[in-house]
Amino acid sequence: ILISLLTLFISISVIGQEKQDYNLQDFYSENMALTMKTDEIHARLTEEQRVAQMLIASLGKLGKPYSAVKPLIEKKQIGGVIFLSGDPEDFRSQINEIDDMHKDWPMIMSMDAEPSLLNRRMPGTPEMKPTAELLTEQDISLAVEVIDNILDYVGFHQNFAPVVDLSASNVAIGNRTFGLTQDEVAPKAAQFINETQKDQIVATAKHFPGHGRVAGDTHKKLVYIDGELTELGLYPPMIEAGVLSIMVGHIAVENNDKYSTDGAPATLSSTIVNDLLRDELGFKGIIITDAMNMGAVAEIPESCLLAAKAGCDMILMPPDEIGTLNSILSATQNDPEFAMQIEASVKRIIRLKICLGMEF
């Protein structure tokens with residue numbers, strides 16, 4: 001009788017919790033009701049709809065045309081959109097139109113709203129100090145406030161910021177970094193993350209395992225970390241700060257016995273994604289690739305499938321969304337272990353969407 005009463009009490013408690021609203025602070029909590037809700041949503045999605053959660057298509061002047069992406073949204077074949085460049089009012093109208101297509105298919109809307117890039121990504125927004133010039137806690141708070149107010153108004157849920165790379169001399173990083181040393185960058189980036197996520201915007205630390213001290217630009221070609229991962233120490237403080245998303249860069253690692261990527265970008269390396277970031281550093285949030293149309297990775301056959309196999313949860317800007325969807329689906333049907341890994345990835349994304357207040 002005692003066991004029956006206890007079971008009944010737990011059931012009533014869980015039912016009561018299911019009615020509550022969640023926020024981003026709940027993502028890492030041990031909340032039985034949130035886990036049950038995640039599992040329930042996962043169970044009623046089709047296999048294709050589950051994998052679709054992982055795919056983030058692009059829109060905007062630097063992205064794909066709306067005519068190419070709209071059918072993917074209508075057929076529930078992608079889980080989110082990154083807006084690359086355009087007018088904020090146009091983005092707001094487009095997001096509202098997308099939201100109206102399906103009330104039961106919420107998508108994460110994202111952009112690179114770094115302090116250094118915001119005005120270029122959305123002309124007409126306030127000009128801001130570049131990240132490198134945010135010197136005080138007040139500077140960072142004001143920057144986050146401006147950015148988050150704009151993102152919330154337009155309809156964005158995820159910001160691919162902050163950059164936690166160390167070098168201001170790298171051509172791809174420049175003034176997008178908070179500083180040149182870990183002591184400079186870590187506390188500023190952690191503050192940026194905390195304040196962003198308190199505003200119900202997902203923050204993203206990038207570019208794992210470190211893009212600052214390499215030669216070259218991954219937008220154009222594969223770049224290499226030669227030897228020690230000298231920027232790796234930045235990521236435990238980001239994880240400790242509760243960052244919900246980490247972006248992996250298209251950076252190969254060579255001359256490193258433990259973390260060699262065998263000539264492949266880190267995004268396609270299970271050594272970097274699963275073994276190092278997920279297992280060794282204990283990151284339990286969303287792992288997202290850098291854009292999969294970049295020069296460092298675009299010519300590699302089946303690169304999006306390889307990124308998923310490496311352990312990435314979100315595939316950003318796959319050149320061929322349908323091809324990626326089908327290749328991941330096919331691979332899960334022939335590999336039970338990979339199928340379990342994809343299930344875990346999809347459940348992380350569903351959980352994040354619930355914590356963003358989204359309804360399926």
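**Entry 1: isoleucine 150**

I began with the surroundings of isoleucine 150, which is in contact with Leu118, Met122, Thr125 and Pro126 once neighbours within four places in sequence are left aside. I worked throughout from a predicted model. I located isoleucine 150 in helix α7, which covers residues 137-154. I then looked up its relative accessible area, which is 14%. Buried means under 20%, so I recorded isoleucine 150 as buried. I also checked proline 88, which is 62 residues from isoleucine 150 in sequence, yet 8.4 Å from it in space, C-alpha to C-alpha.

**Entry 2: the whole protein**

I next turned to the overall figures. I found 13 helices and 10 strands in the protein. Along the principal axes, I noted that the C-alpha atoms fill a box of roughly 65 × 45 × 45 Å. Does the radius of gyration agree or disagree with that of a compact globule? For 360 residues such a globule would have a value near 21 Å, and the protein has 20 Å, so I noted agreement.

I recorded that 57% of the 360 residues are buried.

**Entry 3: leucine 244**

I placed leucine 244 in the loop between α9 (235-240) and β7 (245-248). Is leucine 244 buried or exposed? Its relative accessibility is 1%, and I therefore counted it as buried. For proline 336, I noted a separation from leucine 244 of 92 residues in sequence and 27 Å in space, C-alpha to C-alpha.

**Entry 4: helices α11 and α13**

I examined how helix α11 (residues 303-310) meets helix α13 (residues 336-355). Their axes come within 9 Å and cross at roughly 80°. Angles of 65 to 115 degrees count as roughly perpendicular, and α11 and α13 are therefore roughly perpendicular to each other. Which residues meet in this contact? On the α11 side I listed Leu305, Ala308, Lys309 and Ala310; on the α13 side, Phe338, Gln341 and Ile342. I sorted the residues of this contact into 5 nonpolar, 1 polar and 1 charged.

**Entry 5: backbone exceptions**

I then searched the backbone for exceptions. Most residues other than glycine have a negative phi, and most peptide bonds are trans.

I noted a cis peptide bond from lysine 206 to histidine 207, with omega near 10°. Histidine 207 is found in strand β5, residues 202-208. Another cis peptide bond joins phenylalanine 208 and proline 209, with omega about 0°. I found proline 209 in the loop between β5 and β6 (223-226).

I looked up phi for asparagine 255 and found a positive value, near 55°. Asparagine 255 lies in the loop between β8 (251-254) and α10 (270-280). I counted asparagine 255 as exposed because its relative accessibility is 60%.

For methionine 317, I again recorded a positive phi, near 55°. Methionine 317 has its place in the loop between β10 (315-316) and α12 (321-334). Its relative accessibility is 9%, so I counted methionine 317 as buried.

Definitions and conventions
Residues numbered from 1 in each chain as written. Predicted model: local features only at pLDDT ≥ 70, side-chain atom pairs only at ≥ 80, totals over all residues. Heavy atoms only, no water. Axes fitted to C-alpha atoms, helices over the stretch in contact; angles between N-to-C directions. Helix = DSSP H or I, 4+ residues; strand = E, 2+ residues; numbered from the N terminus. Parallel < 35°, antiparallel > 145°, perpendicular 65-115°, else oblique. Contact = heavy atoms within 4.5 Å. Nonpolar A, V, L, I, M, F, W, Y, C, P; charged D, E, K, R; others polar. Rg over C-alpha atoms; globule rule 2.2 N^0.38 Å. Buried < 20%, exposed > 50% of the residue type's maximum accessible area, 1.4 Å probe, protein only.
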